Amino acid sequence: MSRRTRREAAAVPAQGAAARCTVTVCRGCCCGTAKIPGIDHAAQLADLRTALADRATVRPVPCLDACEHGNVMVVQPSAEGRRAGGRPLWLGLVNDRDAAADITAWIDAGGPGLADVPPILDLYVFSPSRRVREQLDG
């Protein structure tokens, strides 16, 4: 296969590749429970699903094993964003409506790999252990 053919093949999304970002929302032993008071966890999840319905997949998972950052969300790039160099961004302590709105606005702009992370989200960014990252990516 020539270099040109390889480049053209790489530019075409793989069959079944996700065309949307995915927001993985921890709803396990700490996140999404009364252990993190002052937030309506069910409403937050419903609001995210409504706001991102046609732009991203929102999927709750039992536990991301990053409990020290309670109420964790991971924004994973779309296939296009991943090809552009985007990587999952881990956000912790996402405990207010404004943070969820900032995440939604970022995804509206393209999300990981396609739009710069809004500076306000830097307040929530953390890097989980390699073992935890591999479980989500694997």
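Me: What do the buried residues of H4 pack against?

Reply: This is a predicted model, and in it the buried residues of H4 pack against E1, H2, E2, E3 and E4.

Me: Which residues of H4 are buried?

Reply: The buried residues in H4 are Ala99, Ala100, Ile103, Thr104, Trp106 and Ile107. Viewed down the helix axis they fall within an arc of 160°, so they line one face of H4. On the other side of the helix, Arg97 and Asp98 are exposed.

Me: And how far apart are the end C-alpha atoms of H4?

Reply: They are 16 Å apart, which agrees with the 16 Å that the 12 residues of H4 should span at 1.5 Å a residue.

Me: What happens at the start of H4, and what follows the helix?

Reply: At the start, a side-chain oxygen of Asp96 comes to within 3.1 Å of the backbone nitrogen of Asp98. After the helix comes Gly110, which has a positive phi, near 135°.

Me: OK, switching to the sheet. In what order do the strands sit?

Reply: The sheet is open and has 4 strands in the order E2-E1-E3-E4, with mixed pairing. Strand E2 (56-61) and strand E4 (89-91) stand at the edges with a single partner strand each, so one side of each has no neighbour in the sheet. On average, and ignoring direction, neighbouring strands are turned by 20° against each other.

Me: In which sense do E1 and E3 pair?

Reply: Strand E1 (residues 21-26) and strand E3 (residues 73-76) pair in the antiparallel sense, over 4 bridges, and among the pairs Thr22 has Gln76 in E3 as its bridge partner.

Me: How many bridges join E3 to E4?

Reply: There are 3 bridges joining E3 to E4, and these two strands run antiparallel; on this side, Val75 has Leu89 in E4 as its bridge partner.

Me: Which way do the side chains of E3 point?

Reply: Met73 and Val75 point one way from E3, Val74 and Gln76 point the other way, and all are buried.

Me: Which strands does H2 lie across?

Reply: Helix H2 (residues 41-51) lies across E1, E2 and E3, and runs at about 160° to E2. Helix H4 (residues 97-108) also packs on the sheet, where it touches E1, E2, E3 and E4, and its direction makes about 5° with that of E3.

Me: Now the loops. Where is Ser78, and is it buried or exposed?

Reply: Ser78 is in the loop between E3 and helix H3 (79-83), and its relative accessibility is 6%, so it counts as buried. A polar atom of the Ser78 side chain lies 3.0 Å from the backbone nitrogen of Gly81.

Me: And Tyr124, what is it in contact with?

Reply: Tyr124 is found in the loop between H4 and helix H5 (130-137), and it is buried, with a relative accessible area of 13%. Leaving aside neighbours within four places in sequence, Tyr124 is in contact with Trp90, Leu91, Gly92, Leu93, Val94, Asp96 and Ala99. As for Val94, its C-alpha atom and that of Tyr124 are separated by 6.8 Å, although the two residues are 30 residues apart along the chain.

Note on methods
Residues numbered from 1 in each chain as written. Predicted model: local features only at pLDDT ≥ 70, side-chain atom pairs only at ≥ 80, totals over all residues. Heavy atoms only, no water. Pairing = 2+ DSSP bridges. Axes fitted to C-alpha atoms, helices over the stretch in contact; angles between N-to-C directions. Contact = heavy atoms within 4.5 Å. Expected span 1.5 Å × (residues − 1). Buried < 20%, exposed > 50% of the residue type's maximum accessible area, 1.4 Å probe, protein only. Arc of directions from axis to C-beta. Polar contact = N/O pair within 3.5 Å; in protein donor to acceptor, adjacent residues only side chain to side chain.
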